[in-house]
Amino acid sequence: MDHTSRICLVVPCFDEEQVLPGSMERLTKKMQSLIEGGLISDKSRILFVDDGSRDGTWQLIERAQQKERMVCGLKLSRNFGHQNAILAGMMEMKDKCDAVITLDADLQDDIEVLDAFIREFQKGSEIVYGVRSSRLVDHLFKRLSAEGFYRLMKKLGVELIYNHADYRLVSRRALEELEKYKEVNLFLRGIMPRLGFQTSIVRYERKERLAGKSKYPLKKMAALAVDGVTSFSSKPLSFLTVSGFLILTGSLLFMPVMKKENRSILVSIWAALGIQLVGAGILGEYIGKIYLETKGRPRFTVEKSVGDFL
């Protein structure tokens, strides 16, 4: 592997006006040190993807590009979501670099381990996962819910890298394979392990945000979790079948011993009704996913770009 590989950082941004100036400065300095150290080529780039921001994010990207040749910008026509913004950046740079590294604009993911990412790539890894060594900076609810999510996905048969989000290096070869995945409902954490190839892990400590508020509140986290489950497992549908069978069996077994106006009858009815409503919701999620997939709509639209894209 060439020790001066062209590396591109892909940084999705949504209303990051507060945090972006500091992030841009730190990322530029880090990339310069990697170039000076001979780890990456001087043709390497930092691509900021504006995912339909409503503040001055794009103006900051444009001004930064005028001052620093290394900086590039991609502006999406509206907010397409975090996963699609990452995909847009990766596909833009797929044929222009040897590997991309995706990370969030708040730089909670430690950029000091970028050296380790690149060394693993140079050793032959096509995908390098950034994995958190702990969740000490998370509040209790977020920590418990995240850990519960990974356990649930494992039980449902979905292959995930534990404590890995979207901080990863992906080689050009892996990007070419990723391009073949056409689903609209993106869950990159689930897709990446399916690509195969040689992989490795780099562990790091996650930090506090530099400024501003998290763009991933509970509502978005829950939506991402639902996308992950429904995109990679049909076991929730099997759960409905089993639940229906158990309720029917229980009703038949207890029917002879139930007295008139017995409360257990009402409980059974409410339980059955609850499962039916939950089942309808689960079916609705899957049908909705199928509906969106059959339309074949583009996952993102690029409005404009700035910078020297190699």
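His164 touches Tyr129, Gly130, Val131, Tyr150 and Arg189, leaving aside residues up to four places away in sequence. This is a predicted model.

**His164**

- His164 belongs to strand 6, which spans residues 164-171.
- Is His164 buried or exposed? His164 has a relative accessible area of 2%. The cut-off for buried is under 20%, so His164 counts as buried.
- The side chain of His164 reaches a backbone atom: the oxygen of Gly130, at 2.9 Å.
- The side chain of His164 also makes a polar contact with the side chain of Arg168, at 3.2 Å.
- Tyr150 is among the residues that His164 touches. In sequence, the two are 14 residues apart. In space, their C-alpha atoms are 9.8 Å apart.

**Strand 5**

- Strand 5 covers residues 127-132. How many of its six residues are buried? The count is six of six.
- Ile127, Tyr129 and Val131 point one way from strand 5. Val128, Gly130 and Arg132 point the other way. Both sets are buried.
- In a regular strand, side chains alternate between the two faces of the sheet.
- Strand 5 is joined to strand 6 by four bridges, and the two run antiparallel. Here Val128 has Leu169 as its bridge partner.
- Strand 5 is also joined to strand 7, residues 199-204, by six bridges. These two strands run parallel. In strand 7, Ser200 stands opposite Val128.

**Helix 2**

- Helix 2 runs over residues 57-67. Which of its residues are buried? They are Thr57, Trp58, Leu60, Ile61, Ala64 and Gln65.
- An α-helix has 3.6 residues a turn, so residues three or four places apart point the same way.
- The face turned away from the buried side of helix 2 carries exposed residues, Gln66 and Lys67.
- What covers the buried residues of helix 2? The cover includes helix 1 (20-36). It also includes strand 1 (7-13), strand 2 (45-50), strand 3 (71-76) and strand 8 (302-306).

Definitions and conventions: Residues are numbered from 1 along each chain as its sequence is written. This is a predicted model: local features need pLDDT of at least 70, side-chain atom pairs count only at pLDDT 80 or more; totals for chains, interfaces and linings use all residues. Side-chain values use heavy atoms; hydrogens and water are left out. Buried means under 20% relative accessible area, exposed over 50%, partly exposed in between (1.4 Å probe, protein chains only). Contact means heavy atoms within 4.5 Å. A polar contact is a pair of N or O atoms within 3.5 Å; within protein, one must be able to donate a hydrogen and the other to accept it, and residues adjacent in sequence count only if both atoms are side-chain atoms. Two strands pair if DSSP finds at least two bridges between them.
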